[in-house]
Amino acid sequence: MDVMDRRAFLRRSAIAAGTVGAAALFGEHLWQQRGTPELWDAAAFVPPGTARVAVLSATSYDNGLEDLVDRGLRAIGADVGGARVVLKPNLVEFDAGTPINTDPRLVAATVIALRRLGAVDVLVGEGPGHRRDTQYVVVRSGLLEALDAVDATFVDLNTDAVKRVPLRSRYTELGALWLPRTITDADVVISMPKMKTHHWAGLTLSLKNCFGCVPGRIYGWPKNALHWAGLEQSILDVAAAVRPDYAIVDGIVGMEGNGPISGTPIEANVLVFGDDPVATDTVAARLMGFDPEKVPYLAEAARFLGQGDMDKIRLEGESLGSVTRDFAVLPPFRSMKP
Amino acid sequence: MWGAFAARVCAARNDDGGFGPRPSVSSEPESTALATIALDDTDGRAWLEAHQANDGSVSFDAAAVVNDASTALAAVALGKGAAHDRALEHLMSSPARSAPSTASVPHDESVRGWAWTEGTFGWVEPTSRGILALRLFRPDAPAIPDGVGLLRDRESVGGGWNYGNRTVYDEDLPPYAQTTAAALIALQGLDVELEARGVAALRGLWRTEREGGLSLAQTTAALRLHRDADADRAQEALFDLFDRTGLRDDVVALAWAAIATGPGLARLEVSV
C-alpha cells in the first residue's frame with residue numbers, strides 16, 4: 001500500500017471510529033494492510049518471554065479481599081518493594097446499580113496489599129472519559145470514600161501536569177502523547193480494568209483501560225481524538241506508551257452486552273492478575289468466552305507488546321474451564337467468539 | 001463567597017500570569033481564559049494574547065492533536081481588540097467536521113458545531129462555547145444556527161445534554177448536569193422549548209450530581225442566566241461543597257464558581 005492509500009485507509013477508519021467507533025467492524029485492519037515491519041521500534045519492545053497470570057475465584061467484594069489480592073500479586077511475582085505505585089482503575093462514568101467501574105473495594109484492598117508487599121507510596125489515578133466532572137464520579141462511585149478509609153490519594157489524570165512522551169509504536173499518526181506526570185513518574189503502573197464487553201472494540205481490559213491516562217482536557221471528551229485516530233490503533237499506541245507493569249482485572253462482577261456503559265451485570269466471580277497486560281487480557285478474554293486471536297487489537301498487541309501465546313503464559317490458580325463464562329456481545333462482535 | 005472563589009483562583013496563578021488546571025501545573029488556555037473572565041484579569045489577558053497562534057486560535061498544541069476548543073473562551077476573556085477579533089475569526093473559520101450518521105449512532109449530518117480538537121467531530125461543550133462567543137460578539141454569524149442545530153440534534157431524550165451522543169445502539173444516553181448547564185449558558189433565549197426542557201432537566205440533575213464542583217458551578221451560572229429561582233439553591237449547594245472540599249483545587253471548577261457568583265457572569269450574559 002502506498003502512502004496515499006494508507007492515509008486514505010486511515011481516514012476512512014478514523015471516520016468510522018469517531019462515530020460508530022468501530023474499526024473492529026472493518027473486516028481488515030490497518031496494520032494487516034500496511035504489512036510493514038516499522039510499526040514499532042524494535043529496540044523499545046523486547047520480544048516477550050514467559051508471562052505469569054493468576055486466576056483466582058472471588059465471589060464477593062466484602063470478605064478477605066486484601067488477602068486474595070495479596071495472594072494474586074505474590075503468584076505473579078509482583079515486585080513493588082520500595083516502589084511508588086500508581087493504580088489505574090476504570091472509572092469512566094457512574095450509574096447506580098450498573099457495574100461500570102472497577103469496584104472501589106477492590107482498589108482499596110489492592111492499596112493495602114501493595115503496602116504489605118513493600119510499596120512506599122500507592123496513588124490511585126484516573127481521567128474519566130465520559131464525564132469531565134471527576135469530583136462527581138469519584139465521590140458517587142464510592143471510590144473516594146474507599147480510598148479515604150485506607151488513607152490513599154486519588155489523582156485526577158484529566159487535570160494532572162503532563163509530559164510529552166514520544167510514541168515508540170506507530171499504529172496511529174499521533175507521534176507523541178501528553179501523559180500525566182503521575183503516570184510517567186511512577187515506578188510501577190498497575191492497570192485495573194473492569195471485565196467488560198465494549199460496543200466499539202469488542203472487549204475492554206487492561207490495554208483499553210489505558211485510555212484513562214490520556215487527559216481529556218487535551219484530547220477531549222469522550223477522548224474523541226483517540227477515536228478519530230482509530231480506536232484500535234489508539235489502544236495499541238496508548239498502551240504501548242503507558243506500558244503498565246501489572247494488571248488486575250475485576251471480574252467479580254463484570255459487564256456483558258452493550259458495554260462499557262450500558263451493558264448488564266454478569267457474575268464472573270473471578271480476579272485475574274498478570275505481570276504482562278497482553279497476557280492478562282489474553283487470559284481474561286478466554287474467561288469471557290472470546291478467542292483472543294480474533295480480537296484484532298489484542299492479537300496485534302501480542303506481536304510486540306506482550307505475550308499472547310497461551311503456551312508461554314504460566315497460569316496459576318483456577319483452571320480456565322472451571323471459571324469461564326460466555327459474555328454476551330453485540331452482533332458485530334460475535335465473530336470474536338470461537 | 002465570590003471572594004473566596006476568586007481568592008482560590010488567584011492563588012493558583014503561575015509566574016507567567018496564566019493559570020493551569022490545578023495549582024502549580026503549567027498555564028493552559030482553558031483555565032487561563034476562565035480565570036480571566038472570572039477575575040477580569042489583565043495578566044490573564046496578556047498570557048492569552050502571548051499564546052495566540054497565527055491563525056487566531058489559543059490552543060493546546062499536542063503535535064498531531066491541536067485542542068483549539070478554548071479559543072471561544074479566550075475570545076470572551078480578551079475583550080475588545082485585535083486579539084479578540086482574531087480569536088473570533090478563527091472560531092468562524094474552524095467548524096467541526098460533519099459527523100457521519102450511522103445505524104448505531106444516528107446524527108444530523110447537516111450540522112457541524114465545534115470540536116474539542118481541530119479537524120474532528122462536534123460535541124456539546126465546545127459547540128456551546130462557540131455559540132456563546134459568537135452571540136456575544138458576532139450575533140449574525142451563520143455558525144450560530146448551525147451550532148444550535150447540533151444542540152437540538154444531540155439533546156438527550158426528555159431534555160438536557162451529555163457530552164454529545166443522544167443514542168448509541170438504540171440505547172438512550174442520559175444527560176449530565178455539567179454539559180446541560182454548558183448548553184444552557186450558550187442558548188439564552190435562542191430556542192424557548194429546547195431551553196425549557198433543558199432547565200427542567202437541570203433542576204433534577206444538579207441535585208443528584210451535587211457532589212461535583214464543576215457541575216454545581218456551571219449549573220449555578222446557567223440557572224442564574226436563565227433567571228431560574230432554583231439558582232439560589234444550587235448556589236447554596238456549591239457553597240457547601242466548597243466548604244467541605246475546596247472543589248479539590250480544580251481551577252476550572254473554581255473559576256466557574258467565581259463566574260457564577262460574581263461579576264464575571266455579566267460577561268457571559270447575552271442581550272435578548
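**Chain B overall**

I'm working from a predicted model here. I started with the secondary structure and found 12 helices and 4 strands in chain B. Next I looked up the radius of gyration: chain B comes out at 17 Å, close to the 19 Å from the globule rule for 272 residues, so I've put it down as being as compact as a globular protein of that length. Along the principal axes, the C-alpha atoms of chain B fill a box of roughly 50 × 45 × 35 Å.

I then checked burial, and 59% of the 272 residues of chain B count as buried. For contacts in chain B with a separation of 6 or more, I noted that 59% come from residues 24 or more positions apart.

**α4 against α5**

How do α4(B) and α5(B) pack? I had helix α4 of chain B at residues 71-78 and helix α5 of chain B at residues 82-93, with an angle of about 155° and axes 8 Å apart. Angles over 145 degrees count as roughly antiparallel, so that is what I wrote for α4(B) and α5(B). I also logged the crossing of α4(B) past α5(B) as left-handed.

Which residues make the contact? On the α4(B) side I listed Thr71(B), Ala72(B), Ala74(B), Ala75(B) and Leu78(B). From α5(B) I have Ala83(B), His84(B), Ala87(B), Leu88(B), His90(B) and Leu91(B). Sorting the residues of this α4(B)–α5(B) contact by type, I got 8 nonpolar, 3 polar and no charged.

Terms used
Residues numbered from 1 in each chain as written. Chains lettered and ligands numbered in written order. Predicted model: local features only at pLDDT ≥ 70, side-chain atom pairs only at ≥ 80, totals over all residues. Axes fitted to C-alpha atoms, helices over the stretch in contact; angles between N-to-C directions. Helix = DSSP H or I, 4+ residues; strand = E, 2+ residues; numbered from the N terminus. Parallel < 35°, antiparallel > 145°, perpendicular 65-115°, else oblique. Left-handed = near helix turned anticlockwise from the far one by under 90°. Contact = placed C-beta atoms within 7 Å. Nonpolar A, V, L, I, M, F, W, Y, C, P; charged D, E, K, R; others polar. Rg over C-alpha atoms; globule rule 2.2 N^0.38 Å. Buried ≥ 20, exposed ≤ 12 C-beta atoms within 10 Å, placed from the backbone.
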